[in-house]
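Here are a few friendly notes to read alongside the model. Keep the 3D view open and find each residue as you go.

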Amino acid sequence: MNDTVRRAPPPPPPPPPPPRDPAPRPQSQQIKTADDAITQTTTDNGLYGQTHPDTIQNLHDSRDAAIERANQAKDWSGIHQIEQAYQQAEDKLDAANDQYVTRTVADDVRGQLGQLEDPSKWAQPATAQQQNLGKIATAMETLANAVKGMDDPAAKTALVDNVLGDLQGAIQQNYNSGASFENKSILEQTGRLAAIAKESGNTGLFNKLVDQASSNPALSDVMPDEFGTARMTLDDKASMEGISMYIDLAKRAQVDGASQPFALVERIISYHNSETTRLTQEYANHTKDLNWHVANLGQNATPENLQKAVDNYLQAQSPEWRSKYESLRGELAEHGQLMLDAANELRTSVPELKAQALTETMFSSKESQFAVKLALQENPNLATTPNMVATRDWMAAAAGGGGSGFKATPQIAQALGTTFLRQQVSSAMMEGINAGGTPDPQRLVSDLEALKSPGLARSLGLSDQALSNAIDELRTLNTEIANGDARTPEQLRALVDRLNGDLSTQEAFAADTAGGQVFRSLASTVSALSFAKATSMALDDPDFINVVNATAQGFDVAQQISQMGTGAGLISDTSALGRYANSAGVTKLLGSVGVALDVVGAVEAFGEGDALQGALQTTSALGGAVAIFGAGSAWGPAGAIVGGVAALTSLGVSAYREKQEADKYQTDTAKKFMQDVGFNEQTAGILYDTSGEGLSPLPLLTHYAAERGLTPQQTADFLNSLGTEYGGTLLKNMRDVGHKVLDNVDGDLGRLDSGTPFNSQLQQSFNTRVEIWAAQNGVRLPPPR
C-alpha cells in the first residue's frame, strides 16, 4: 500500500485591509464659498439634473441639509454663511446656464429653420408652406422656453434679437393665410417673446415683435366679433404670458377707431379664468378623499399630528397620484402668477378706468383668488418686487377711493400686502439671527419703520395713521420692556395686561379683526424678544415657551393662531425662518407670527362665509385654519390639503359626507388617520363611525369643545379619556346622539341652535363631562358662554 502524503491546507488568506475612510463630508461650518456649496451638493446627491431647474433644486436640497446640520448644532449665526455660499453658487450656475443657452439655442433654432422644405419644389406649395410654418412655430417655442429660463435680461433680448431676422424671413417666405392653426401658434410664441423683451426693458425689440404680430393672418381668427365669439381660441397660458403684446395691439386698434379695441384682451382673460376654474376643480376632486379625512377627522389636530397624518396618507398613495397632485398645484400657482403679472401690465399700459375694470374681472372668481394666493405661497418674494408693490398700492387705492363694486381687487391687495409684511418681518428677524443667533427686537421695530406707507396701510385694511401708530406702539413696547423692571414671566404678563388695555382702543390692534390679530401677534413677538434680551434668556431655554405664552395670552392673540404656531409644520419648510425653529419657544414664536401674517390676506379669501369673528369664537384650530387661512396658509402638505378643503367649500362642492360617499371612509384608513392626528385606538375605533346619514360625529364634538374653551390638545385628551372609560360607553352614546343632531341639520354646524333636536341636551352632557375631566386633571376652564 502506498503511503499518501497529506499536505497541510494552505494558510487562510490575510484579512482584507480595513476599509478606507470615506472622504470626510464637509460640515456646515466649512461651507463658506460658492465652490464649497457646489462640492457639497455633488457629494450629497449629485449636482446636475436633466434641466437647469433640476440642478438648482439639487442645490437647494443640499443647502437645506447643510442648514439642518447647523440648526441641530445650534450654530444659528453660521446659517447665514451657508445661505450666502449657496446663493453665490446659484448665481454662478445661473450665469453658466445663460452662457450655455446663448451658445447653443441660436444654433438649434437656425438648425430647425434649415430643415424647412422648398415650397417651389412641391406640387402643392401651400402644403409645404403650412408644414414649414408649423416647424417655425416649434423653433419659436424652443427659443421662448430657453430664454424664459435665463437670468440676465440683456442676454435674453440679445439672443432673441440674434435670431429674430432668421425667423421673420422664414415666416415671410412661407406666408400662407390659410394655415390658421400654424399662424395662431406663431402668434402665441410671438407674444411670449414680446413679453420677455418688454420685461427686459428692450422697447425696440418689443415693437418689432408687435409689428410682426399685427400682420399675422391668425389675428383675425382669434379676434372676437360683436357677440364675443371667435373662430379660434388662443392658448390660455401662452396668451396670458404675452398679454403685453395684445394690450399694445388693442391700443393701436383704439387709435384706429375700433369700436371694441380691448375685446381680444377681455377674451384672453376670460378664457384663462375658465381654465383656472377647471384646474381648481380638478385639484379639489383629486384630493377629495384626503379632504374628507381632514375635514371630518382632523379638525382637532395639532399641527404636528396633522402633518404626520397627511404625510402618512400621501406616502400611501401611488407615485402617479402624488405626481398629479404636485402638477396641479404647480399649474395653479403658475396661473396665479400670470394673473399678477397681467395686473401689473394693465396698470401700466391701459387707461385707468378700463384697467380697473379688467383687473376686477380677472380676479373676480374664487378660483382665481385661490390661484393667486397659491402663487404667493409658493413664491412670496413676488410681493416684494417694485412692480408688484406698485400694483398692490394701485389696487388698494382703486378699491378704497369710493370704488363701490370693487370686491376682488381688495382681496388681492390684501394678499399682496400681507405677504409683503410677512417677508419684511421675516427679513428683520433673520438679520438678528444672522448677527448673533437671536432676533433683535430693536432691529425688528426699526425695520418696521420702513413699512409706514399709505399703500401698504390700505392693502391691510388700515388707515395710514393707524399703521403708523401701530408701528410706533411696537417701538414704545420694546423700550418699556427693555428699560422696565419686568424680569419674570409673571411680571411680564402683568405689564402686558396693562399695555393690552391701552392698545385695545387702537384700530390696528382690534381683537376681532384680522389686521388686529396680526399686530397683536407682532406685539407678542416684540415683547417676548425684548424680555429675552433684557434677561439674557436664550431662545432655546425651556422657560422661553412660558414667556411666549404669557405675551400671547396677555395680548389676546387668538387661540387658533397660538395653537397653530406651536408646530414647525406651520412654518414653511422653504421659508428662511422655518429653518431656525428647533425649540418649542422659537417654534411657537415664529410660527404664531407667520400664521398671523397669513390672516389678513386670506380671511375673506372665499367669501363672506369665512368671517373672522365666527372662526375665532366657534371653530377648532383646524376649522379656524380652513375658515381663516384657506389657500393662503404657509403650511407644507397639510396646508395644501387644508387649502383644498377650503376650495371645495367655497366652490359649492359637497364635503363628500353623503351617505354613499362617507360609508367608504369607515375603514382602517380612517382609524389610522385619527390615530395619527392624536386619538388613541379606542377613541378612533368609536368616532370613525359614520352611521346615520353618513356624517362624522367628530366635527360636532370639537365644535362643543371649542365653545367650552378647550384647546385642540385638551379636546383630544378629553375625548381619549372618554374612549377608555367604562369601555367607551359614554363616548359611544355621545357619538350616537351626535349622529341624530347632525342628521337634523344635514351636517351643517352653522344651522345648530337651541331648537335643534337633541343639540342642547348633548351639549349640556358634553360640558358636564368636560368639567369633571378638567377638575380631575387640574385644567382651568374659562367661564361658560
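1. Start with T190 and its surroundings. In this predicted model, T190 touches M140, L209, Q212, A213 and M245, once neighbours within four places in sequence are set aside. T190 itself sits in helix α6, which runs over residues 180-199.

2. Is T190 buried or exposed? Its relative accessibility is 1%. Buried means under 20%, so T190 counts as buried. Look also at its side chain: a polar atom there lies 2.7 Å from the backbone oxygen of I186.

3. Now move along to L358, which belongs to helix α15 (residues 352-362). With a relative accessibility of 6%, L358 is counted as buried too. Which residues does L358 touch, not counting those up to four places away in sequence? They are V265, E266, I269 and L346.

4. Helix α19 covers residues 441-448, and its buried residues are P441, L444, V445 and L448. Why do they lie on the same side of α19? Because they cover an arc of only 90 degrees around the axis. Turn the model to look down this helix and you can follow the point for yourself.

5. G455 is next, in helix α20, residues 454-459. Here the relative accessibility is 6%, so G455 counts as buried. Leaving aside neighbours within four places in sequence, G455 is in contact with R392, D393 and A396.

6. Stay with G455 for one more distance. T391 is 64 residues away from G455 along the chain, yet their C-alpha atoms are separated by 9.7 Å.

7. Finally, step back to the whole protein. How many helices and strands does the secondary structure contain? The count is 36 helices and zero strands. The protein has 785 residues, and buried ones make up 53% of them.

8. Among contacts with a separation of 6 or more, 74% are between residues 24 or more positions apart. As for the surface, the protein exposes about 33500 Å², and carbon and sulfur atoms supply 49% of that area.

How values were computed. Residues numbered from 1 in each chain as written. Predicted model: local features only at pLDDT ≥ 70, side-chain atom pairs only at ≥ 80, totals over all residues. Heavy atoms only, no water. Helix = DSSP H or I, 4+ residues; strand = E, 2+ residues; numbered from the N terminus. Buried < 20%, exposed > 50% of the residue type's maximum accessible area, 1.4 Å probe, protein only. Contact = heavy atoms within 4.5 Å. Arc of directions from axis to C-beta. Polar contact = N/O pair within 3.5 Å; in protein donor to acceptor, adjacent residues only side chain to side chain. Areas by Shrake-Rupley, 256 points an atom, 1.4 Å probe, with all protein chains shown as cover.
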